[in-house]
Amino acid sequence: MTKSVVAQSYGTSEALTVVDVEVPPPASGEVLVDVKAIGVNPIDYKLYSGAFGDDPEKLPVKVGGEAAGVVAAVGAGVTEIAVGDEVIVSPGTGLYAEKVVVPVSAITPKPAGLGWEQAAGLLLVGGTAVDALDTIGVGSGDTVLIHGASGGVGALAVQLAVARGATVVGTAGAVNQDYVRNLGATPVVYGDGLEERVREVAPQGIDAALDTVGTDEAVDVSLAVVKDKTRIVTIAAFGRAQDDGFASVGGGNPASAEARLKARAALVEQAGAGHLTVTIAKTFPLIDAAQAHTELAKSHPAGKFVLIP
């Protein structure tokens, strides 16, 4: 048996319940992982919020898309991973658990120098950041505007863009200006007058923009300062992207899913070498997943939330 967190109904985080479930032995091509840390992401609570429907036939809703742990058993045909290996699991479903059985295709070896919490919080946001930056072709010499630069995806996007040789302007709240600056970006406070502040710190102009927050302000400012709409991308404002004719990534897009899978190895290598930092804002025991979701939906310190079984 293993403890697992699921949503027994649709609604708020009060729907989350800790249950005991049987853990089957891994079948052919599968791996059993003892989970050490679990990444918490906004998509986790959106799954049971009703945002994607409220079909009672799909209850209970399994939660959790990324984790890290130690291989406890392998199924037939698995040769690339062995018992005792430290690994990252992403993408996955139902990873809010002490033990999980996953396909070996979801496994990436964890570098020894990468901590459990950082490993568990790397690939979902990192893959999203790579997908978005590649979509708008961010490279050396570009000046890129990243909205939500202190968020999970934004912070990785800033670091990755800087590593590519780009100059980054990052929007964030007042309390996170130093954090964004330390990531390598020029920070600007969002809110009234944002367009003017962006133009002031980037008089040479903005070549591309990445929106991680989905607000009309972020979209409107991006459209105002970027001449070529093919170099604007959002991970959240899907309606605006369709209406205004710029790119979006994620949202069930198969091309995005493939791009994020391809990004895993390089992201893990960069993080293991210390070239990418995953800031951990707070950790919670697995049984406090509901509290983690409640706090994540509100204003909170910069960085990732992580559950510890």
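Author: Before we start, a quick word on names: helices (H or I, at least four residues) and strands (E, at least two) are DSSP runs, numbered from the N terminus. This is a predicted model, in which local features need pLDDT of at least 70, side-chain atom pairs count only at pLDDT 80 or more, and totals for chains, interfaces and linings use all residues. Residues are numbered from 1 along each chain as its sequence is written, and side-chain values use heavy atoms, with hydrogens and water left out.

Reader: Thanks! Where is Asn 41 found?

Author: Asn 41 sits in the loop between strand S3 (30-40) and helix H1 (42-49).

Reader: Is Asn 41 buried or exposed?

Author: Asn 41 is buried, with a relative accessible area of 3%. Buried means under 20% relative accessible area, exposed means over 50%, and partly exposed is in between (1.4 Å probe, protein chains only).

Reader: And what is Asn 41 in contact with?

Author: Setting aside neighbours within four places in sequence, Asn 41 is in contact with Glu 66, Leu 124, Val 125, Leu 296 and Lys 304. Contact means heavy atoms within 4.5 Å.

Reader: OK, another loop residue. Where is Gln 8, and which residues does Gln 8 touch?

Author: Gln 8 is in the loop between S1 and S2. Not counting residues up to four places away in sequence, Gln 8 touches Ala 15, Thr 17, Val 19, Leu 59 and Pro 60. Gln 8 counts as partly exposed, at 38% relative accessibility.

Reader: How are S1 and S2 paired?

Author: Strand S1 (residues 2-7) and S2 pair in the antiparallel sense over 6 bridges. Two strands pair if DSSP finds at least two bridges between them.

Reader: What holds paired strands together, in general?

Author: Strands of a sheet pair through backbone hydrogen bonds, either parallel or antiparallel.

Reader: Which sheet do S1 and S2 belong to?

Author: They are in an open sheet of 3 strands, in the order S2-S1-S4, with antiparallel pairing. Its edge strands are S2 (16-21) and S4 (61-62), and each pairs on one side only.

Reader: What about the sheet with 6 strands?

Author: That open sheet has the order S11-S10-S9-S12-S13-S14, and its pairing is parallel. Strand S11 (186-189) and strand S14 (247-248) are at the edges with a single partner strand each, so one side of each is left without a neighbour in the sheet.

Reader: How many bridges join S9 to S10?

Author: There are 4 bridges between strand S9 (residues 143-147) and S10, and the two run parallel. In one of them, Thr 143 has Thr 167 in S10 as its bridge partner. Further along the sheet, strand S13 (residues 232-234) is joined to S14 by 2 bridges, and Val 233 has Ala 247 in S14 as its bridge partner.

Reader: Why is S10 called largely enclosed?

Author: In strand S10 (residues 167-172), 5 of the 6 residues are buried, so S10 is largely enclosed by the rest of the structure.

Reader: Which helices lie across that sheet's strands?

Author: H4 lies across S9, S10 and strand S12 (208-211), running at about 170 degrees to S9. Helix H7 (residues 216-225) lies across S9, S12 and S13, also at about 170 degrees to S9. Axes are lines fitted to C-alpha atoms, for helices over the stretch in contact, and angles run from 0 to 180 degrees between N-to-C directions.

Reader: Which residues are buried in H7?

Author: Ala 218, Val 219, Val 221, Ser 222 and Val 225 are buried in H7. Their cover includes S9, helix H6 (194-201), S12, S13 and helix H8 (238-244).

Reader: Back to H4: at what angle does H3 pack with H4?

Author: Helix H3 (residues 123-135) and helix H4 (residues 152-163) pack at an angle of about 55 degrees, with their axes 8 Å apart. That makes H3 oblique to H4; angles under 35 degrees count as roughly parallel, over 145 as roughly antiparallel, 65 to 115 as roughly perpendicular and the rest as oblique.

Reader: Which residues make the contact?

Author: On H3 they are Val 125, Gly 126, Thr 128, Ala 129, Val 130 and Leu 133, and on H4 they are Gly 152, Val 153, Leu 156, Ala 157, Leu 160 and Ala 161.

Reader: How does H3 sit against H9?

Author: The axes of H3 and helix H9 (residues 254-272) come within 8 Å and cross at roughly 115 degrees. That makes H3 roughly perpendicular to H9.
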